[in-house]
Amino acid sequence: MSAELLNGSQLAKRVRSQIRRKIKNLTFTPGLAVVQVGDDPASTLYIKHKQRDCEKVHFHSEVHRLSADINQDTLIEHVENLNDRTDIHGILVQMPLPEGIDKEAVIDKINPHKDADGLTPVNLGNLLINREGVTPCTPTGIIRLIELTGAQIEGKHAVCIGRSPLVGKSVGMMLLNRNATVTYCHSRTVDLAAEVQKADILVAAVGRPEFVTADMVKPGAIVIDVGINHINGRAVGDVKFEEVKEVAGFITPVPGGVGPMTRAMLLENTLKLAIGG
Ligand code: NAP
């Protein structure tokens, strides 16, 4: 293996101990509320991990499990009640939501000052104008992993495969804010391989198992694999790890790369919101 492994689990552990140190001086307990609609098994597992993380840093956390057949207005009412709670500093509505619910309409109702995943229009707008406050958890975790390499982002050519606000579009904005030259690839990109080959920093957020192969990767590139695809009960990334690790300079594993950092950034965002920073 030529690439150096970017260990997200280890970095997340360091973030959690910094948070534990920071909250020692607080006179209150930061509180996170997660809203789950329905019982999607993957969401249930992610939420369990988030709760465990909250315990590790002594945050208060609560999960609001709502029936899959809830109507949009009742869900919004629930979110608005959480907005009014003084003991809840961060709110996260777990995606995906059941069909028939407009997720943007629900996110719109989260108070931007309680927006633990940085996905409200206000927080995404701030990201767009390079006034980063609370930024989406996965992209923020990705930036930390890139910083771990010690490489400068400025002037690098970054390619994001995927353009969702949750991951691709936001991480591209964060890289642009750090003066990278950014290319977005998506399902309509013509000659995606040629675009990807130019990447000094490659972020794969496609949701297709082993989509990125070694021949698409520039030797020495920083490769961040965001994908979580479940195949025969095993988590597989969007990057063909076994062959790409022979070409890349740095690579994140799946699991143990972006996932733990996403959760660590949720804790950081909750603390930031709790102390009004
Ligand atoms: P998404 O909303 O489905 O977006 C996928 C993106 O990939 C879209 O922009 C889509 O293009 C693009 N795409 C799909 N097929 C393509 C193809 N054949 N060629 C080029 N582009 C293609 O997914 P997401 O929410 O961004 O998540 C992406 C992956 O990251 C998923 O596997 C998800 O599970 C994972 N994820 C992981 C974490 C974590 O913490 N590790 C967090 C969030 C998400 P169009 O826009 O043209 O449709």
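Guide: Contact here means heavy atoms within 4.5 Å. The model is a predicted one.

Visitor: With which residues is leucine 175 in contact, leaving aside its neighbours within four places in sequence?

Guide: They are Ile143, Ile146, Ile153, Ala158, Cys160, Ala180, Val182 and Val203.

Visitor: How should I read a nonpolar core, and which residues have the most contacts inside the largest one?

Guide: In soluble globular proteins, nonpolar side chains tend to be buried together. The largest nonpolar core in this model has 46 residues, and Ile142, Leu175 and Ile224 are those with the most contacts inside it. Helix α10, residues 258–274, supplies the largest share of this core, eight residues.

Visitor: How do I describe two packed helices, and at what angle do α6 and α7 cross?

Guide: Two packed helices are described by the distance between their axes and the angle between those axes. For α6 (residues 137–148) and α7 (residues 168–177), the axes come within 9 Å and cross at roughly 45°. The two helices are therefore oblique to each other, and α6 passes α7 in a right-handed crossing. On the α6 side the contact is made by Pro139, Thr140, Ile142, Ile143 and Ile146, and on the α7 side by Ser170, Val171, Met174 and Leu175. Seven of these residues are nonpolar, two are polar and none is charged.

Visitor: Which residues of α5 meet α7?

Guide: Leu124, Leu127 and Leu128 of α5 meet Ser170, Met173, Met174 and Asn177 of α7. By class, this contact has five nonpolar, two polar and no charged residues. The axes of α5 (residues 121–128) and α7 come within 9 Å, crossing at roughly 35°.

Visitor: Is asparagine 232, with its positive phi, buried or exposed?

Guide: Asparagine 232 has a phi of about 50° and sits in the loop between β9 (229–231) and β10 (234–236). Its relative accessible area is 80%, so asparagine 232 is exposed. Glutamate 210 also has a positive phi, near 50°, and is in the loop between β7 (201–204) and β8 (222–225). Glutamate 210 counts as partly exposed because its relative accessibility is 36%.

Notes:
Residues are numbered from 1 along each chain as its sequence is written. This is a predicted model: local features need pLDDT of at least 70, side-chain atom pairs count only at pLDDT 80 or more; totals for chains, interfaces and linings use all residues. Side-chain values use heavy atoms; hydrogens and water are left out. Axes are lines fitted to C-alpha atoms, for helices over the stretch in contact, and angles run from 0 to 180 degrees between N-to-C directions. Helices (H or I, at least four residues) and strands (E, at least two) are DSSP runs, numbered from the N terminus. Angles under 35 degrees count as roughly parallel, over 145 as roughly antiparallel, 65 to 115 as roughly perpendicular and the rest as oblique. A crossing is left-handed if the near helix is turned anticlockwise from the far one by less than a right angle, and right-handed if clockwise. Ala, Val, Leu, Ile, Met, Phe, Trp, Tyr, Cys and Pro count as nonpolar, Asp, Glu, Lys and Arg as charged, and the others, Gly among them, as polar. A nonpolar core is a set of buried Ala, Val, Leu, Ile, Met, Phe, Trp, Tyr and Cys residues joined through side-chain atoms within 4.5 Å. Buried means under 20% relative accessible area, exposed over 50%, partly exposed in between (1.4 Å probe, protein chains only).
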